[in-house]
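Hello,

Here is the structure I promised to pass on, with my notes below it. Have a look at it first, then read on.

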Amino acid sequence: MKIAILSRNRRLYSTRRLVEACTKRGHEVRVIDILKCYIDIASDSPAIWYMGELLEDFDAVIPRIGASVTHYGLAVIRQFEMMGVYCLTESIALGRSRDKLRALQLLSRKGIGLPKTSFAYNVHDAKELIKLVGGTPLVLKLCEGTQGRGIVLAETQKAAESVIEAFRELRAEFLVQEFIKEANGSDLRCFVIGDKVVAAMERTAAEGEFRSNLHRGGSAKLAKLTPTERRTAIKAAQTMGLQVAGVDLLRSSRGPLVMEVNSSPGLEGIEGATHKDIADAIVAFVEENARPNANKTRGKG
């Protein structure tokens, strides 16, 4: 197969591992920087050009789109879909997962467990938002944040009101969520491929930190999931329409709660904690499913 990996940096661990897995399995693989792509929309036959070269004859595309380039990344994926190329992460699925508010609304519609969450564009009374999630302590999240950035723990009413006021002054969109105390600073990262959880790790926040992200100094170890946690992770990924996803869960007194569904989950932490070859599993899934015009969205995202 001829496979394209859409990545801004070929030296990133996840990109390197996917290239290794493709090569090991006998495929022709190429890393493409999406910001160096340009799109021929007006022609009778949709096309993508890359640094003066027409990109053609690809059997599959594996998108690794960073949050900072989501908008243009979606356009490039849609163009590949219009060209009939199989995209592991479809444009609509990526767009859903990157919009935190929309993602939570979709998960809620499917009855998936979530932390109590409130949202408002123009907050006149911060007290009402705080009341909706059960009071403090609570967590405030910027809708555009990634890797733990833009997340604040407010332990008192006054602190929460101050942060809400600050976000409002910046005209930032944000969510207010209940703080799940019983999680004890830990969460679960469930790596979903297709209809299976192929690996799971428990991440624990560093001392003095409440965010468990590995980029924030958190630690990770192999996790054993309950059947309910496994089903929740799979259902969350499928609700987004993602074939590959990192689903973050919190263990709470009322069962597993979904914090986020990541459409470009990193491989370094999960492979290190579980000693599983996730990159190889991703490429194997592409082999089984890649065929022309197989995407459901076909560029309509």
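First, a definition: a residue is called buried under 20% relative accessible area, exposed over 50%, and partly exposed in between, using a 1.4 Å probe and protein chains only. The model is predicted, so local features need pLDDT of at least 70 and side-chain atom pairs count only at pLDDT 80 or more, while totals for chains, interfaces and linings use all residues. Residues are numbered from 1 along each chain as its sequence is written, and side-chain values use heavy atoms, with hydrogens and water left out.

**Thr 117**

By that definition Thr 117 is partly exposed, because its relative accessible area is 34%. Thr 117 sits in strand β8 (residues 117–119); strands (E, at least two residues) and helices (H or I, at least four) are DSSP runs, numbered from the N terminus. Contact here means heavy atoms within 4.5 Å. With neighbours within four places in sequence set aside, Thr 117 is in contact with Leu 104, Val 133, Leu 175, Val 176 and Gln 177. With Gln 177 there is also a side-chain polar contact of 3.1 Å. A polar contact is a pair of N or O atoms within 3.5 Å; within protein, one must be able to donate a hydrogen and the other to accept it, and residues adjacent in sequence count only if both atoms are side-chain atoms. A polar atom of the Thr 117 side chain also lies 2.9 Å from the backbone oxygen of Pro 115.

**Domains**

The chain is assigned domain 1 (1–90), domain 2 (95–110 + 181–285) and domain 3 (115–178), with bounds from an automatic or database domain assignment. Taken over C-alpha atoms, the centres of domain 1 and domain 3 are 37 Å apart.

**Cores**

A nonpolar core is a set of buried Ala, Val, Leu, Ile, Met, Phe, Trp, Tyr and Cys residues joined through side-chain atoms within 4.5 Å. The largest one has 27 residues, of which Leu 107, Cys 190, Val 247, Val 258 and Val 261 touch the most other members. Two or more residues each come from α4 (100–109), β12 (186–193), β13 (196–204), α7 (227–240), β15 (244–252) and β16 (255–262), and α7 gives the most, with five. Apart from this core lies another, of 23 residues, including Leu 18, Leu 267, Ile 270 and Ile 282.

**Two buried polar residues**

Arg 203 is in strand β13 and counts as buried, because its relative accessibility is 5%. Its side chain makes polar contacts with the side chains of Asp 187, at 2.8 Å, and Asp 248, at 3.2 Å. Gln 79, in helix α2 (residues 70–82), is buried too, with a relative accessible area of 4%.

**Cavity and pocket**

On a 1 Å grid over the protein atoms alone, a cavity is a set of points where a 1.4 Å probe fits but cannot get out, and a pocket is an open set with protein on both sides within 12 Å along at least five of seven lines; lining residues have an atom within 4 Å of a point. Points are joined across faces, edges and corners, and a volume is the space filled by probe spheres set on them. There is one cavity of 30 Å³ or more. The largest cavity holds about 50 Å³, and the second largest pocket about 340 Å³. Among the 15 residues lining that pocket, Ile 193, Gly 194, Asp 195, Gln 243 and Phe 285 are the closest to its centre.

Best wishes
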